[in-house]
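This report concerns side-chain contacts, packing and surface pockets. Please consult the sequence and the coordinates alongside the text.

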Amino acid sequence: MSDKIFGPNFQTYDELRIKAEELLAEYHPEGTLPIPIEEIVEFGLSMDVIPMDGVKAELGVDAFLTNDLEFIYIDKYVLDHAPVRYRFSLAHGGALLAA
């Protein structure tokens, strides 16, 4: 068993900006707005987005990733009624996979 602790690596703002620019250059070179985050996550990063009732109520989060980083489960209410939060959750999930 590994002694390594799973957790985020510290990155500076400049490092994060460069990674975001690289991701967009690869998956959205057109640079148009709004950024098509759903297409990037589903088709570019090959993650399945799965709406599910009760994620927020049961787990206290809007969305979560599976351990294998293949699926993002998103609260159905967030998907249907909070588009900004939905896009935010997808962007964070996709950023973890792309890192």
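## Salt bridges

D14, R17 and E21 are linked in a network of salt bridges, a salt bridge being a side-chain nitrogen of Lys or Arg within 4 Å of a carboxyl oxygen of Asp or Glu. The structure holds 5 salt bridges. The model is a predicted one, in which local features need pLDDT of at least 70 and side-chain atom pairs count only at pLDDT 80 or more, whereas totals for chains, interfaces and linings use all residues. Residues are numbered from 1 along each chain as its sequence is written, and side-chain values use heavy atoms, with hydrogens and water left out.

D62 takes part in a salt bridge with K56, with 3.4 Å between the closest N and O atoms. D62 also pairs with R85, the closest N and O atoms being 2.4 Å apart. Because R85 lies in helix α5 and D62 in the loop between α3 (55-59) and β2, this pair ties together parts that are 23 residues apart in sequence. Helices (H or I, at least four residues) and strands (E, at least two) are DSSP runs, numbered from the N terminus. D62 is buried, at 10% relative accessible area, while K56 at 43% and R85 at 38% are partly exposed. Here, buried means under 20% relative accessible area, exposed over 50% and partly exposed in between (1.4 Å probe, protein chains only).

A further salt bridge joins the side chains of K76 and D80 at 2.7 Å, N to O. These residues are 4 apart in helix α4 (residues 76-81), so about one helical turn separates K76 and D80. K76 is partly exposed, with a relative accessible area of 32%, and D80 is likewise partly exposed, at 43%.

## Second largest pocket

The second largest pocket has a volume of about 150 Å³, where a volume is the space filled by probe spheres set on grid points joined across faces, edges and corners. On a 1 Å grid over the protein atoms alone, a pocket is an open set of points where a 1.4 Å probe fits, with protein on both sides within 12 Å along at least five of seven lines; lining residues have an atom within 4 Å of a point.

V61, D62, A63, F64, L65, I72, R85, S89, H92, G93 and L96 line this pocket. Two or more lining residues come from each of β2 (63-65) and α5, and α5 gives the most, with 5 residues. The lining divides into 6 nonpolar, 3 polar and 2 charged residues. In this division, Ala, Val, Leu, Ile, Met, Phe, Trp, Tyr, Cys and Pro count as nonpolar, Asp, Glu, Lys and Arg as charged, and the others, Gly among them, as polar.

## Aromatic pair

The structure holds 1 aromatic pair. F64 and Y73 form this stacked pair, 5.1 Å centre to centre with 15° between the planes. Rings of Phe, Tyr and Trp (its six-membered ring) pair if their centres lie within 6.5 Å, and planes under 30 degrees apart count as stacked. F64 is partly exposed, at 29% relative accessibility.

## Nonpolar core

The largest nonpolar core has 11 residues: I37, I40, V41, L45, M47, V49, I72, I74, V78, Y86 and L90. At least two residues of this core come from each of α2 (37-44), β3 (71-75) and α5 (83-98), and α2 gives the most, with 3 residues. A nonpolar core is a set of buried Ala, Val, Leu, Ile, Met, Phe, Trp, Tyr and Cys residues joined through side-chain atoms within 4.5 Å.

Definitions and conventions:
Phe/Tyr/Trp six-rings, centres within 6.5 Å; stacked < 30°, edge-to-face > 60°.
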